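Q: I have a model open and a few things to go through. Can you take my questions in short answers?

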Amino acid sequence: MNFVPKMNRRSFLTTSAAAGGGLALSLTLPFLGPDIVRAADGSPEVNAWVVIRPDDTVVIRIARSEMGQGTLTGLAQLVAEELECDWSKVTTEYPTPATNVARKRIWGDYSTGGSRGIRTSHEYVRKGGAAARIMLVQAAAEGWKVPVSECTVSKGVITHKASNRTATYGSVAEAAAKIEPPKDIPLKDPKTWTIAGKPLKRLDTVDKTTGKMMYGMDVKLPGMLCAAIKDCPVFGNKLASYDDSKVKSMKGVRHVLKVGETAVAVVADTWWQAKVALDALPVTWTEGPNNKVSSETIAAWLKEGLDADQAFVGNEAGNAKEAIAKAHKKVEAVYAYPYQNHAPMEPMNATAVWTPDKCEVWTGTQNGEAALAVALEASGLPVTKCDVHKLMLGGGFGRRGRSDYVSQAVLIAKQIPGTPVKLIWSREEDMLHGTYHPIMQAKLTGALDEKGNLTGLHFRLSGQSILAAVFPANLQNGKDPLTFQGLSPSGEQAFGYDIPNLLIDHSMRNPHVPPGFWRGVNINQNTIFMECFMDELALAAGKDPLEFRRSVMGKYPKNLAVLNAVAEKIGWGTPAPKGVYRGLAQVKAFDSYVAGAAEISVDSGNKIKVHRIVAATDPGYAVNPAQIHRQVAGSFVYGLSALFYQEITIKDGRVVEENFDTYNSMRISEMPEVESIVVPSGGFWGGVGEPTIAVAAPAVLNAYFAATGKRIRSFPLKNHDISMA
Amino acid sequence: MVALTINGQSHNIDVDPTTPLLWVIREQAGLTGTKYGCGIAQCGACTVHIDGVATRSCSLPVSDAAGKKIVTIEGLADNGKLTKVQQAWVEHDVPQCGYCQCGMIMAVSALLAEMPKPTDKDIDDTITNICRCGTFQQVRAAIHAAANA
Ligand code: FES
Ligand code: FES
């Protein structure tokens with residue numbers, strides 16, 4: 001594994017995303033003309049997105065991170081579609097974040113979250129592919145001295161029919177790289193797509209089946225040491241003292257180091273040695289008021305918020321309170337959703353090497369630029385002397401959008417100049433230092449008239465704001481608009497019901513437990529609250545849950561279309577198999593419209609077998625339907641694991657659950673048959689990694705009510721002694 | 001010193017005998033396809049074969065593996081030719097992040113060696129690996145495909 005610690009203006013540091021290996025290698029090739037920007041191997045960049053090797057291999061640059069969601073393949077499909085290249089010759093690489101900075105952010109945003117990987121970059125990556133195609137064809141035409149309009153291109157081969165000549169992309173790439181980029185770059189009509197929109201296989205699969213794929217955990221550098229770390233378990237408190245005399249002489253141990261104000265690390269020849277020594281290290285922490293916080297005190301505080309006078313209004317129409325006061329029938333319910341940890345399979349880790357001239361980091365991150373910013377701060381070096389090399393993520397789900405582990409790795413490496421250090425968190429450390437799904441309670445009060453029409457709804461949220469902790473600058477006069485995901489008046493997280501008198505508000509309560517973006521973010525609890533309550537209202541109105549929803553969805557035809565699609569496929573309104581019960585749910589999230597319907601049976605009142613889940617997604621455009629199906633099925637594993645099993649509880653200010661024995665995750669035996677319907681209606685670009693996660697839980701909960709008459713309003717279900725069969 | 005045979009190669013490794021086999025495979029033998037997920041035999045990411053038996057290597061002291069035949073994910077393919085399980089994995093595009101998949105493939109390979117045509121129930125009873133990305137639907141399809149290949 002090579003790395004060249006100096007960055008040359010013309011050199012191009014990359015990590016190969018598809019191969020996952022072959023870390024940064026930079027070459028300076030002064031003899032190859034001054035105007036062409038070159039990739040690490042000397043091949044010309046036609047533009048920032050496309051490098052073509054002499055053997056016709058097409059290297060597509062990907063700025064967003066691959067963490068299993070298929071973005072790498074989907075983005076490559078979009079570029080390749082416009083490029084008209086041979087898909088079998090496509091490979092990908094990640095330009096490093098510092099290269100992006102040095103090149104004035106030519107690759108745009110690196111952050112990979114909010115199901116945005118494709119939906120917010122599709123246009124400029126397609127233009128990158130189209131511009132490269134235009135330049136390649138022009139280069140061939142100029143070489144042949146024929147008009148561009150007489151040339152055609154297919155699968156990376158340019159043809160001039162009249163003279164019966166052909167040229168491959170590889171043969172004209174050098175010439176194309178010198179051509180002035182086109183200004184007018186028309187894009188194809190998605191209806192004519194042949195690579196994008198198709199259920200192609202992922203580009204990164206084989207290495208994931210042979211053990212070759214390189215994750216952050218797998219980095220090896222010459223002379224590298226390994227570090228294990230303990231950060232103060234009570235959030236907000238600090239490291240007080242440690243006694244390294246007890247561990248210094250243990251085999252392999254090299255250093256015991258303070259990391260920032262809150263953590264201590266042991267650095268050893270191997271990680272196992274470091275971990276054993278860390279476990280033996282006597283450590284004390286400072287104490288403070290947070291030591292007194294527990295799940296009970298947090299719950300009590302949130303409960304007060306359900307009736308508090310002050311609340312931020314997220315969505316309002318008519319006069320909900322008056323409608324409720326005048327209601328023929330009033331329905332009220334209180335729900336509660338817990339803290340949860342992302343628990344990606346690969347615990348957090350980062351490798352760093354620091355000298356006064358250079359700091360380099362190798363890690364899996366959902367945001368290379370944020371990781372770079374953190375590395376800059378921790379290293380004390382300018383951006384010209386720092387870089388981050390992105391590796392495959394063993395899951396992200398939002399957790400790897402925060403770069404605390406990168407900061408720690410650099411702070412450790414800085415204390416051992418010139419020695420690469422790989423910091424690995426134990427699973428326990430990972431569980432104790434998450435950025436947790438925020439905790440939330442809700443009180444919903446609905447008004448029905450004599451005919452059972454829904455005339456008013458007051459939906460009060462009480463709980464934690466992510467933005468207040470993570471991006472306080474994005475609060476709007478104190479309000480966290482993200483809290484209202486799935487409930488907003490308009491936009492990518494719009495509420496999908498037309499209720500004449502509506503008030504959705506949020507009493508913000510921010511405990512000391514750090515919140516973060518957790519796959520689906522606030523649509524998870526908001527959709528459970530809303531969609532379960534819709535069934536409660538339908539029951540009170542004496543109406544069928546589907547009919548009741550339809551009655552307030554007239555203004556939301558796209559929401560209704562996906563709901564109808566799942567209702568039809570699950571057989572709503574037709575008899576279910578004996579002992580099988582159904583439930584459904586819908587939401588708009590991350591600019592996609594999704595609905596889910598579940599079929600379950602219940603044994604002994606508390607063993608739920610989820611037989612089937614039908615899910616429909618309208619993402620506007622479907623870049624890779626096969627990968628969308630996989631994301632949908634996977635989102636249900638994530639969402640149902642959370643529903644049934646997952647809760648982070650707090651005792652004496654710290655997290656109680658430290659591993660999968662107390663924080664369970666679904667296994668294959670519990671997996672329902674997922675039937676995913678993708679119905680792209682065109683005209684907009686929605687995300688797919690997250691939206692459907694929100695509909696699995698309420699669909700199952702509504703089916704559970706249908707089966708048992710019991711309405712569960714607090715989670716996870718294990719607290720009600722309910723498990724999956 | 002612990003004498004290990006990994007993927008047919010003998011290693012004499014100077015290591016504390018209580019070290020979990022997982023970390024010796026990763027750190028001393030340098031084979032990083034075997035993953036760390038939990039360290040407490042819950043997730044299966046660290047699964048290897050010991051004398052043909054799928055074993056969670058994070059919870060086995062290396063001394064217990066001495067003298068036995070250890071196979072890791074890197075030892076499955078024969079001269080670069082993928083096994084039928086690996087081929088089925090590629091064919092069904094099973095991995096998402098892929099971090100759990102080496103352990104999953106090791107567990108499935110041991111299952112198929114013992115039960116060439118497992119039923120869904122056999123799969124449910126035997127394959128208890130965690131996959132946080134949720135690839136189970138593809139895993140099941142790929143197991144049946146490999147069994148019928
Ligand atoms: S790491 Fe061994 S079972 Fe999880
Ligand atoms: S593929 Fe990511 S954990 Fe299984």
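Q: Which residue does A:Asp269 form a salt bridge with?
A: A:Arg254, with the closest N and O atoms 2.8 Å apart. A salt bridge here is a side-chain nitrogen of Lys or Arg within 4 Å of a carboxyl oxygen of Asp or Glu. A caution on the source: this is a predicted model, where local features need pLDDT of at least 70, side-chain atom pairs count only at pLDDT 80 or more, and totals for chains, interfaces and linings use all residues. Residues are numbered from 1 along each chain as its sequence is written, chains are lettered from A and ligands numbered from 1 in the order in which they are written, and side-chain values use heavy atoms, with hydrogens and water left out.

Q: Where do A:Asp269 and A:Arg254 lie in the chain?
A: A:Asp269 is in the loop between strand E12 (263-268) and helix H6 (271-280) of chain A. A:Arg254 is in strand E11 (residues 253-259) of chain A, and the two are 15 residues apart. Helices (H or I, at least four residues) and strands (E, at least two) are DSSP runs, numbered from the N terminus.

Q: Now A:Arg612. Which side chain meets it in a salt bridge?
A: That of A:Glu675, at 2.7 Å, N to O. A:Arg612 is in strand E25 (residues 607-618) of chain A and A:Glu675 in strand E28 (residues 673-678) of chain A, 63 residues apart. Both A:Arg612 and A:Glu675 are buried.

Q: Which residues are in one network with that pair?
A: A:Lys569, A:Arg582 and A:Glu599 join A:Arg612 and A:Glu675, through salt bridges that share partners.

Q: How many salt bridges over all chains?
A: The count comes to 49.

Q: What about A:Phe495 and A:Tyr497?
A: Their ring centres are 5.8 Å apart and their planes at 75 degrees, so the pair is edge-to-face. A:Phe495 is buried, at 3% relative accessibility. A:Tyr497 is buried too, at 3%.

Q: And A:Trp518 with A:Tyr638?
A: Tilted, with 4.6 Å centre to centre and 40 degrees between the planes. A:Trp518 lies in the loop between strand E22 (501-508) and helix H13 (523-541) of chain A, and A:Tyr638 in helix H16 (residues 625-645) of chain A, so the pair ties together parts that are 120 residues apart in sequence. A:Trp518 and A:Tyr638 are buried.

Q: What lies over the face of A:Tyr638?
A: A:Arg519, at 5.7 Å from the ring centre. The rule is NZ of Lys or CZ of Arg within 6 Å of the ring centre and within 35 degrees of the ring normal.

Q: Which residues form one aromatic cluster?
A: A:Trp271 and A:Trp272 with B:Trp23 and B:Tyr36.

Notes:
Rings of Phe, Tyr and Trp (its six-membered ring) pair if their centres lie within 6.5 Å; planes under 30 degrees apart count as stacked, over 60 as edge-to-face and the rest as tilted. Buried means under 20% relative accessible area, exposed over 50%, partly exposed in between (1.4 Å probe, protein chains only).
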